[in-house]
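Please open the model in a viewer and keep a selection tool at hand.

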Amino acid sequence: MNDIETEIKSSHKKTIYLSHNYDSFLKSVQARAPIFYFLKKKYNFKGEVLELGAGSCWLSALMSKIPEVKNVYAVDISKELLERIGNKVIVDLRGNKEKIKLISADFHKLPFADNKFDVIICDASLHHAQNLPIFLKEANRVLKEDGFLVAVREPIKSFLHYYNLREFGKKEIGVGATENIYSKTEWKKYFDQTGFELNFFEEFNKVDKKTNILRVPFLKSFNGILFSRYYFFATKK
């Protein structure tokens, strides 16, 4: 079984699980919405938008409701995940289905022309790349010169991760998923090598009880040391 087949098999298991637990999953997706609205206030989302590793399509659904956004291309390796879960989430989040195009494709070989997209968005998908440099090179290739990439919920090594690194992604790896974790220095290196200028910005939106506790000023001062709560913003060099 090759790497692509392994990822599709893993996505199939995820699709089945989400189908059986859809209501609770939808609640968790809705809890992430503040992340999007926080970013929407900071950045000018417009034109042609690409979501890499779209999966449940929650970001694509919310992005499609922005008037200045023309089209949203939701790309994932799993056609099944996009159609069975993504379509339901788009409806439940009242996304503009006419704007959203569901595309099953390999992140490492995107079926798009150079300089096509104004914005690339990712939700916890970059660290699943089997070959991050190739993934990022493809993202850079299809991004316009004045475009930008935003990635949220990506793991970053911190003291706690080093302490418990063997447990990271253990459940997901067990069903065939690719799970990687990098330090801020390593993330910077990969983005730099593939033609991006990467910046980290703190993100402490209320997503769950654990994250909400970390919003306390005293605890926030340990961000990047004991834990890591950042989003990525990258532009082409």
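Which strands does helix α5 lie across? Select residues 132–142 of this predicted model. Helix α5 lies across β1 (47–52), β4, β5, β6 and β7. Its direction is at about 135° to that of β5.

**The whole chain**

Of its 237 residues, 50% count as buried. The chain exposes about 12,100 Å², and carbon and sulfur atoms supply 52% of this area. Consider next the contacts between residues at least 6 apart in sequence: 76% of them join residues at least 24 apart.

**The sheet**

Select the strands. They form an open sheet of seven strands in the order β3-β2-β1-β4-β5-β7-β6, and the pairing is mixed. At the edges are β3 (100–104) and β6 (196–202), each of which pairs on one side only. From one strand to the next, the twist averages 20°.

Within the sheet, select β4 and β5. These two strands run parallel and are joined by six bridges. To inspect a bridge pair, pick valine 119, whose partner in β5 is phenylalanine 148.

**The largest nonpolar core**

In soluble globular proteins, nonpolar side chains tend to be buried together. For the example in this model, select Leu39, Phe45, Trp58, Met63 and Val89. Of the 37 residues in the largest nonpolar core, these five touch the most other members. The elements that give two or more residues to this core are the helices α2 (22–42), α3 (58–63) and α4 (79–92), together with the strands β2 (69–76), β4 (117–123), β5 (143–152) and β7 (230–236). Helix α2 gives the most, with eight residues.

Which residues surround valine 89, leaving aside its neighbours within four places in sequence? Centre the view on valine 89 to find Tyr22, Phe25, Val29, Ser56, Cys57 and Trp58 in contact with this residue.

**A second core**

Finally, select Phe107, Ile120, Tyr190 and Phe200. These residues are among the members of a second, separate core, which has 32 residues.

Note on methods
Residues are numbered from 1 along each chain as its sequence is written. This is a predicted model: local features need pLDDT of at least 70, side-chain atom pairs count only at pLDDT 80 or more; totals for chains, interfaces and linings use all residues. Side-chain values use heavy atoms; hydrogens and water are left out. Buried means under 20% relative accessible area, exposed over 50%, partly exposed in between (1.4 Å probe, protein chains only). Contact means heavy atoms within 4.5 Å. Accessible areas come from the Shrake-Rupley method with a 1.4 Å probe; for residues, only the protein chains shown count as cover. A nonpolar core is a set of buried Ala, Val, Leu, Ile, Met, Phe, Trp, Tyr and Cys residues joined through side-chain atoms within 4.5 Å. Helices (H or I, at least four residues) and strands (E, at least two) are DSSP runs, numbered from the N terminus. Two strands pair if DSSP finds at least two bridges between them. Axes are lines fitted to C-alpha atoms, for helices over the stretch in contact, and angles run from 0 to 180 degrees between N-to-C directions.
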